[in-house]
Amino acid sequence: MAADDHEFGGQHTEIKLELVGKYLQAYMSALRGKFDNLWYIDAFAGTGSRTVRVEASDGDLFDAPTPAAVESRRGSARIALDIKPAFDRLVFMDADPAHCAALEALKEANPHREISILNGDANRLIQGEIKWNGWKRTRAVMFLDPYGMEVEWETLRAIAATRAIDVWYLFPLSGLYRQAARNITAVDESKRRSLTRMLGTDEWERELYSPIPPVNDLLGGLEPTESRQRNADVAGLEQYVRQRLETIFPLVMDPFPLPPIRKPQRFSLFFAVSNPSTAATDLAKRFGGHILATGRSSHVRSR
Ligand SMILES: C[S@@+](CC[C@H](N)C(=O)[O-])C[C@H]1O[C@@H](n2cnc3c(N)ncnc32)[C@H](O)[C@@H]1O
């Protein structure tokens with residue numbers, strides 16, 4: 001396996017990268033010349049490339065048959081690197097040393113670009129290093145693209161506190177509905193801790209769960225039950241996450257469902273803005289809103 005061989009995702013990977021890539025392009029076209037320092041921060045950067053297995057097709061009247069193939073396509077780091085006008089600085093973080101080695105090779109291949117590669121847990125790196133008084137003259141887009149529930153609430157809070165960063169966050173909705181099981185008795189201490197770490201409050205238990213109504217016993221009487229069950233379905237959980245994000249970000253757009261049509265929904269791609277100024281939120285609403293709406297009309301035909 002090559003150092004940058006990184007196979008993950010499916011159709012939802014293509015779509016999330018398409019949406020984020022379009023935003024990066026719109027952002028740089030609009031802000032170039034208005035700020036001295038425009039950065040891209042990829043906190044779960046991967047290797048810069050991704051390996052995609054393309055299935056063979058039989059062909060039809062219009063298209064010739066194609067054999068199965070393994071293709072290397074651009075990952076988020078390369079997509080950001082290729083944006084023109086160019087970002088002034090790119091910061092790539094990844095916990096996997098092999099992925100960082102592949103990112104180092106990408107950096108070596110682009111000696112004229114300012115690229116920083118940080119090997120470690122993105123939560124520790126962001127919480128430890130993001131506080132900085134230079135944010136007044138710097139703006140950034142950050143992509144949070146974890147495999148699962150790795151992003152801590154404190155990390156989001158630290159990003160929001162910069163008031164300078166727009167964030168695309170691939171939220172692991174399936175992680176949330178699996179950990180926050182229907183019946184609270186199935187949510188053990190370790191699940192409780194990871195939910196609280198991801199949502200930033202232990203109030204989720206009171207807000208998402210309610211007592212199970214008494215059941216009829218064999219003699220027709222009502223027998224109280226000890227337990228509580230989650231009221232929110234998948235859409236309700238997504239709405240809950242949005243409300244949580246709105247407690248720290250001045251603007252959170254309607255999330256994009258991934259996969260877009262096939263059930264179950266596994267992720268919600270959130271776009272949130274940390275700069276509360278009207279100019280920043282208006283611009284982000286215009287670009288983010290347009291990109292999300294175009295994505296919906298081309299990918300979410302029927303829900
Ligand atoms: C879904 S992949 C990212 C793919 C990338 N955005 C792309 O388009 O190529 C998730 C990455 O997060 C890294 N990772 C997992 N846990 C991490 C953590 N706590 N901090 C930083 N990186 C982490 C993995 O090594 C993996 O490279």
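This is a predicted model: local features need pLDDT of at least 70, side-chain atom pairs count only at pLDDT 80 or more; totals for chains, interfaces and linings use all residues.
In this tour, two residues are in contact when heavy atoms of theirs lie within 4.5 Å of each other, and buried means under 20% relative accessible area.

**The whole protein**

Switching to a surface view, you are looking at about 15,200 Å² of accessible area, of which 52% belongs to carbon and sulfur atoms, while 50% of the 303 residues count as buried. Among contacts with a separation of 6 or more, 72% are made by residues 24 or more positions apart.

**The ligand and its shell**

Next, select the ligand together with the 20 residues that surround it, of which Ser76, Asp94, His99, Ala122 and Asp145 are the closest. Colouring this shell by class gives nine nonpolar, six polar and five charged residues. A polar side-chain atom of Asp94 lies 2.6 Å from an oxygen atom of the ligand, and a polar side-chain atom of Ser76 lies 2.8 Å from a nitrogen atom of the ligand. At Phe44, by contrast, look to the backbone, where an N or O atom lies 3.4 Å from a nitrogen atom of the ligand. The protein covers 93% of the 600 Å² of accessible area that the ligand has on its own.

**Two cis peptide bonds**

Now move to Pro85, in the loop between helix 2 (76-82) and strand 4 (89-94), and inspect the bond that joins Lys84 to this proline, which is cis with an omega of about -5°. Then select Pro264, in the loop between strand 13 (256-258) and strand 14 (267-273), where a cis peptide bond with an omega of about 0° links Lys263 and Pro264.

**Arg163**

Select Arg163 in the loop between helix 5 (153-161) and strand 7 (165-171). Its phi is near 55°, a positive value in a residue other than glycine. Is Arg163 buried or exposed? With a relative accessibility of 53%, Arg163 counts as exposed.

**Helix 7 from start to end**

Centre the view on helix 7, residues 189-199, and show the side chains of Arg192, Ser194, Leu195, Met198 and Leu199, which are buried. The elements that cover these buried residues include helix 5, strand 7, helix 6 (173-179), helix 8, strand 11 (228-230) and helix 9 (234-246). At the start of helix 7, a side-chain oxygen of Asp188 comes to within 3.2 Å of the backbone nitrogen of Ser190. Just after the helix, Gly200 has a positive phi of about 75°.

**Glu205 in helix 8**

Finish at Glu205, which belongs to helix 8, residues 204-208. At 16% relative accessibility, Glu205 counts as buried. Leaving aside residues up to four places away in sequence, Glu205 touches Ile184, Arg192 and Arg228. With Arg228 there is also a polar contact between the two side chains, at 3.1 Å from Glu205. Arg192, another of these partners of Glu205, is one of the buried residues of helix 7.

Conventions: Residues are numbered from 1 along each chain as its sequence is written. Side-chain values use heavy atoms; hydrogens and water are left out. A residue is near a molecule or strand if one of its heavy atoms lies within 4 Å of it. A polar contact is a pair of N or O atoms within 3.5 Å; within protein, one must be able to donate a hydrogen and the other to accept it, and residues adjacent in sequence count only if both atoms are side-chain atoms. Accessible areas come from the Shrake-Rupley method with a 1.4 Å probe; for residues, only the protein chains shown count as cover. Ala, Val, Leu, Ile, Met, Phe, Trp, Tyr, Cys and Pro count as nonpolar, Asp, Glu, Lys and Arg as charged, and the others, Gly among them, as polar. Buried means under 20% relative accessible area, exposed over 50%, partly exposed in between (1.4 Å probe, protein chains only). Helices (H or I, at least four residues) and strands (E, at least two) are DSSP runs, numbered from the N terminus.
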